[in-house]
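Take a walk through this structure, one step at a time. Keep the sequence beside you as you go.

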There are 2 protein chains.
Amino acid sequence: MWRLYQFPLCPFSRKVRLLLGEKGVAYDLIRESPWEGQDAFLDLNPAGQTPVMVEEEKGVVLIDSQAICEYFEETVEKLPLINGSAAGRAEVRRLTAWADQIFYRDVVAPLLEERMKKRLVHRAPPDGGRLREAMRNANTHMDYMDYLLDHRSWLAGGTMSLADIAVAAQLSVADYLGGIDWAGHEPVKRWYSALKSRPSFRPLLSERMEVIMPPDYYEKPDF
Amino acid sequence: MWRLYQFPLCPFSRKVRLLLGEKGVAYDLIRESPWEGQDAFLDLNPAGQTPVMVEEEKGVVLIDSQAICEYFEETVEKLPLINGSAAGRAEVRRLTAWADQIFYRDVVAPLLEERMKKRLVHRAPPDGGRLREAMRNANTHMDYMDYLLDHRSWLAGGTMSLADIAVAAQLSVADYLGGIDWAGHEPVKRWYSALKSRPSFRPLLSERMEVIMPPDYYEKPDF
């Protein structure tokens, strides 16, 4: 059985979990708080980041959310998520990288720092200016997603792909942390509502991170 | 013919160029300085980052260095660089992500900011403390590479892969900017010397970024 090292608000672990859910791969969750820098975890992944996946019987250790997703895309045939022509797959990977790097850097990383780490680790109040900037960035990035979804059924094209999963994973953490203003983003809202209703998404939405509570509407597909 | 939008010290463009060189794909270089935020470039890539590749006749635009590398890995058979078993390919992608994200964040991004952007854009002196921290980080990361190369011929295993290319691309930019102290890193030095001698690497090493000059030894395979 696969084990997945993660914490509930890790957007990259959520990306992996959504893909595993869609592909029907079973796994056990292992709670890991990378900011604690536990030696046993650093031995597993010197970069000190979640997610990490381990299959002890096969002797396989997988590190980095994209490497993990590509691994299961290559080894599990069910529901291809990096799909289409070579150019189509490049578009899936472009938007996946946009979620993992740009949306994370501009929105999710500052929200996690100000609303989670400062509370759990530093016992300090959040920086209001940084929170407002993250929310402004979220708004700009959702304008871009609205634009894409005005032209396509899913973010990267006509079918659901890893791009939808990666963006929804980031967005769901930002939403949990109260960083998303949904007003004026009807296309993104419709798209996200459809994803929230999927069986792969339900378990993630029902989990809570200690001390930090999401907004009331967070779990509802109709919000 | 493919066009590649880049600037000489973009480590991600170097990664793509090394892969294209190894695979024998021809392309024209287009100079782009993403920090200038040119409208035409932002129309091409809303994320405003190099590299971008365009093949106008085919109507294909490729964005994000990893999406570009995966595209050519899928479409050009010569010299597989994401190679081996599924677990082996995951190891290649793990170390490629380590180069692109961790080594870049800890070493190359601060060096580019302090030694290139402050000079070209802000006309400000570099922050000595940040430079020293980047160099300390480089040393720590090269210790890890020494460890890998004590156990393997190449970074991800027995054959050259995209991991070697991605790490060498980052390292070459850090070296250009005087951020690498080679003393005490014999395994990395031997590995890098072998890569520097390859025909794919020679054109990159002979290019210069305006105003900023590399150390004397930068271009030499024997340094």
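Start in the loop between helix 3 and helix 4 of chain A, where A:L79 is found. This is a predicted model, so treat each feature as part of a prediction. A:L79 has a positive phi of about 50°, although it is not a glycine. Why does that deserve a look? Most residues other than glycine have a negative phi.

The UniProt record, an unreviewed entry, places the feature "domain: GST N-terminal" at residues 1–80 of chain A. Over residues 1–80 of chain A, the chain is 38% helix and 22% strand. The end C-alpha atoms of that span are 22 Å apart.

Where do the strands go? In chain A, four strands form an open sheet. Their order is 2-1-3-4, and the pairing is mixed. Strands of a sheet pair through backbone hydrogen bonds, either parallel or antiparallel. The edges of the chain A sheet are strand 2 (27–31) and strand 4 (60–63), and each of these pairs on one side only. On average, neighbouring strands of this sheet are turned by 20° against each other, direction ignored.

Look at one pair in detail. Strand 3 (residues 52–55) of chain A runs antiparallel to strand 4 of chain A, and four bridges join the two. Find A:M53: its bridge partner in strand 4 of chain A is A:L62. Strand 3 and strand 4 of chain A form a hairpin with four residues between the strands. In this hairpin, A:G59 takes a positive phi near 65°.

The peptide bond from A:T50 to A:P51 is cis, with omega near 0°. A:P51 is found in the loop between helix 2 (39–44) and strand 3 of chain A. Most peptide bonds are trans.

Helix 3 (residues 65–75) of chain A lies across strand 1 (2–6), strand 3 and strand 4 of chain A. Helix 3 of chain A runs at about 125° to strand 4 of chain A.

Turn to chain B. What is the strand order of its open sheet? The order is 2-1-3-4, with four strands and mixed pairing. Strand 2 (27–31) and strand 4 (60–63) of chain B each have a single partner strand, so one side of each is left without a neighbour in the sheet. The twist averages 20° from one strand to the next. Strand 1 (residues 2–6) and strand 3 (residues 52–55) of chain B pair in the antiparallel sense over three bridges. Within that pair, B:R3 stands opposite B:V54 in strand 3 of chain B. Helix 3 (residues 65–75) of chain B packs on the sheet and touches strand 1, strand 3 and strand 4 of chain B. The direction of helix 3 of chain B makes about 125° with that of strand 4 of chain B. Chain B also has a cis peptide bond, which joins B:T50 and B:P51 with omega about 0°. B:P51 is found in the loop between helix 2 (39–44) and strand 3 of chain B.

The UniProt record, an unreviewed entry, places the feature "domain: GST C-terminal" at residues 85–215 of chain A. This span is 70% helix and 0% strand, and its end C-alpha atoms lie 40 Å apart.

Two helices show how the packing works here. The axes of helix 4 (residues 86–122) and helix 5 (residues 128–151) of chain A come within 8 Å and cross at roughly 155°. That makes helix 4 of chain A roughly antiparallel to helix 5 of chain A. Their crossing is left-handed. Residues in this contact include A:W98 and A:F103 of helix 4 of chain A, and A:H141 and A:Y144 of helix 5 of chain A. By class, the contact has 13 nonpolar, two polar and six charged residues.

Finally, see where the chains meet. The axes of helix 3 of chain A and helix 4 (residues 86–122) of chain B come within 9 Å and cross at roughly 155°. These two helices are therefore roughly antiparallel to each other. Helix 3 of chain A passes helix 4 of chain B in a right-handed crossing. Among the residues that meet are A:E70, A:Y71 and A:E74 in helix 3 of chain A, and B:R89, B:A90 and B:R93 in helix 4 of chain B. The residues of this contact divide into five nonpolar, one polar and five charged.

Technical notes
Residues are numbered from 1 along each chain as its sequence is written. Chains are lettered from A and ligands numbered from 1 in the order in which they are written. This is a predicted model: local features need pLDDT of at least 70, side-chain atom pairs count only at pLDDT 80 or more; totals for chains, interfaces and linings use all residues. Side-chain values use heavy atoms; hydrogens and water are left out. Two strands pair if DSSP finds at least two bridges between them. Axes are lines fitted to C-alpha atoms, for helices over the stretch in contact, and angles run from 0 to 180 degrees between N-to-C directions. Contact means heavy atoms within 4.5 Å. UniProt positions are given in the numbering used here, feature names are shortened, and annotations may be inferred rather than shown by experiment. Angles under 35 degrees count as roughly parallel, over 145 as roughly antiparallel, 65 to 115 as roughly perpendicular and the rest as oblique. A crossing is left-handed if the near helix is turned anticlockwise from the far one by less than a right angle, and right-handed if clockwise. Ala, Val, Leu, Ile, Met, Phe, Trp, Tyr, Cys and Pro count as nonpolar, Asp, Glu, Lys and Arg as charged, and the others, Gly among them, as polar.
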